[in-house]
Structures are given as C-alpha cells and as structure tokens.
Amino acid sequence: MPRAVIEKFQVIDGKVALENLAGKEPIRDEVAPISFTLENLSTLEEREGEYLFEGTGPSGGHYEVNGRLTVNPVRVQGSYAFTDTRISHYWEHLKDLVSFQIINGTMAESGDYTVEIIDGRLEARLENGTFELNDLELVEKGKKEVLIALPSLSVQGISADLRAQEINVDLIQTADGRIKSWLSADGVFDFQRLFLPDLEKLFKKNESEAPEPETVLAPPWHVTLKKMEVADWGLYFEDRTLSNPAKLSLDDIDVVVENLTNKKDTSATVGIAMQLNKAGNVKINGTAGIDPFLADLNVVTEKIALKSF
C-alpha cells in the first residue's frame, strides 16, 4: 500500500442541507453548524488516527461521533451520542404516509462501536448502548386526543455482535404510560383503523417495487433481555358498538420480566399486577418461553365486578 499521511484535516462551521421531495410538499433540513476533525491518518501499518464529528440537527438535537481509525488494517473504534432529538420533526417526513401524528417527544442514544475487516470478513460490535425516549405523545392525524402517552422509556446495556449474531440488553424500564382505544360503532378497532392501512400500503408498495427474492435460510440471531420493568401503566378501552358503551380500565399495571430470550428451551420469569376497573385486582406469576412457545402461570383475581362485562 502506498505511503500516505494526513496530519490534520478540519471543517469548521459547516452546513449540510437535505431536501425530501417524496411527499406532497418538499421538506428541507439543515444540519448546522457542523465541525469535523481528522488527525494523524496514515496508511502505515497499525498507525492510528483520530476523528471527531459534531453537529446540531434541524430540530435542535446534538450529534457527536468520535474515535480512532486505522487504514492498515481497516479498523474503526469510537463512540456516538445523539441527544435531544425532537421526534415530531421527523414525523413531518412521514406525514403523507401515515394516519397518526406524533405531537411531542424526544429521544437520545449513545454507545461504543468497533468496525473492522479481519481476513476479508467484516466484523462489527456495539457495546454500552443506551436509548431513551421521553414525553412521547401520539394522536390521530388532525385530532387532539392523545391515544398513546409515554413519559419515559429507557433501554440500557445494549450490545450486539455481527459474527456471533447476538443482541443483548441489560434493562428496559418504562413508567406512567397511557393507552386509549375503542371499538367503533362499525366494529373496527381504533388502532386497527389507525395503523393497519399504513402497513398494508407499505407492504403493497414493497411487493410492487421488488421482485420476489430467493429464499435463503440464514442462521438465526439470538436476542436476550436480562430484565424489563414496567411501572404504573394504564390502558383504557371502550366498546362503542353498544348503545351504552362499555368501559374497561386497567390501572397500576406493573410488569417484571427477567431473562427473556429466543434461545431454544429457555424460560423467562414473569410477574404482572394490575387493577381492573378501579376495583378488582389481577396478579400473574410464573414462567414463559419463546422457543418453543410455552407458559406456566399462576393467575389470581380478586373483587372482579362482573357487571362491567
């Protein structure tokens, strides 16, 4: 490989503009200001250079990617952090394709990554990954009633390995979520009306644009979740096919799941507790598995008011 050395390459106060012409009206986004620095990059064997990218997104979010890289052999190691990304802005790119609207919400993510080529094979790993979603609010497009409210969702300890084909997550936590839905007078679930037409349009579009691929059986990825905690969720449902709509509420929903995985012949422990229609209590405890699908659960109910049904 010819010898080449870049001592320093730098971009200061730059700007990247992107324009989406797929919708009814063009949407223009700018990432500005951006800065990029590359130092000590060389084709010499095992000579490490350093890089840093920083930018401010169109919705005010901050992006940073930094790390070290070598050309001989090809290896990139570093970390990334995206913070305060406003989801409602990116919904604008999808608004002509979907029936729902995201009116609020921010997300952030971070992690450490390694990408390298070893013996001609691409290797990629993610470690210490995190993802946070805060204050999400979803409504039917053109309406004001919030159907899904998610004040907090946190995913910690995300790791992935391309060669091992494994994804591991240490902890998922969420609290105080609320979901509202109903069965309309015409017998159609509100969420069915809200989401299924969009999915059907997407699948039909993909089928029409792409030829039928040949079926290739690839080794399965294994996914493991060490623990999931759901605290104080609520679900509210109405059956509007009746002249006097029946109402069902599930409050104080708490869920704890441990050691959930799609690996064969494994089971997770499950604990669920909730209040039904402000009075009755339901508790579920036991084990459940994915491959094969199985469940061994103990269900206890107290003070369930049958009149509500």
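Pro33 is found in strand 2, which spans residues 27-42, where strands (E, at least two residues) and helices (H or I, at least four) are DSSP runs numbered from the N terminus. A cis peptide bond joins Ala32 to Pro33, with omega at about -5 degrees. The model is a predicted one, in which local features need pLDDT of at least 70 and side-chain atom pairs count only at pLDDT 80 or more, while totals for chains, interfaces and linings use all residues. Residues are numbered from 1 along each chain as its sequence is written, and side-chain values use heavy atoms, with hydrogens and water left out.

**Backbone features**

- A cis peptide bond also joins Asn72 and Pro73, with omega at about 5 degrees, and Pro73 is found in the loop between strand 4 (62-70) and strand 5 (75-86).
- Most residues other than glycine have a negative phi, and most peptide bonds are trans.
- Asn40, which is not a glycine, has a positive phi of about 60 degrees; Asn40 lies in strand 2 and is partly exposed, with a relative accessible area of 46%.
- In this text, buried means under 20% relative accessible area, exposed means over 50%, and partly exposed means in between (1.4 Å probe, protein chains only).
- Asp232 is a residue other than glycine with a positive phi, near 55 degrees, and Asp232 is found in strand 11.

**Nonpolar cores and a surface patch**

- The largest nonpolar core has 25 residues, and those with the most contacts inside it are Phe100, Ile102, Leu136, Leu138 and Ile253; a nonpolar core is a set of buried Ala, Val, Leu, Ile, Met, Phe, Trp, Tyr and Cys residues joined through side-chain atoms within 4.5 Å.
- The elements that give two or more residues to this core are helix 1 (87-91), strand 6, strand 7 (121-140), strand 8 (146-161), strand 11 (222-239), strand 12 (246-261), strand 13 (268-276) and strand 14 (280-289).
- A second, separate core has six residues, including Leu38, Tyr51, Leu69 and Tyr113.

**Salt bridges**

- A search of the whole structure finds 15 salt bridges, each being a side-chain nitrogen of Lys or Arg within 4 Å of a carboxyl oxygen of Asp or Glu.
- Arg163 forms a salt bridge with Glu123, the closest N and O atoms being 3.0 Å apart; the pair links distant parts of the chain, with Arg163 in the loop between strand 8 and strand 9 and Glu123 in strand 7, 40 residues apart.
- Glu123 counts as buried at 4% relative accessibility.
- The side chains of Arg178 and Asp232 meet in a salt bridge (3.9 Å, N to O), and this pair links distant parts of the chain, from strand 10 (residues 178-183) to strand 11, 54 residues apart.
- Both partners are partly exposed, Arg178 with a relative accessible area of 28% and Asp232 at 26%.
- Arg125 and Glu116 meet through their side chains in a salt bridge (3.2 Å, N to O), in which Arg125 counts as partly exposed at 29% relative accessibility, whereas Glu116 counts as buried at 11%.
- Lys15, Arg28 and Glu30 are linked in a network of salt bridges.

- Thr174 has its place in strand 9 (residues 166-175) and is buried, with a relative accessible area of 9%.
- The side chains of Thr174 and Trp233 make a polar contact at 3.2 Å; a polar contact is a pair of N or O atoms within 3.5 Å, where within protein one must be able to donate a hydrogen and the other to accept it, and residues adjacent in sequence count only if both atoms are side-chain atoms.
- Gln10, in strand 1 (residues 5-20), counts as partly exposed at 41% relative accessibility, and its side chain makes a polar contact with the side chain of Thr37 (3.5 Å).
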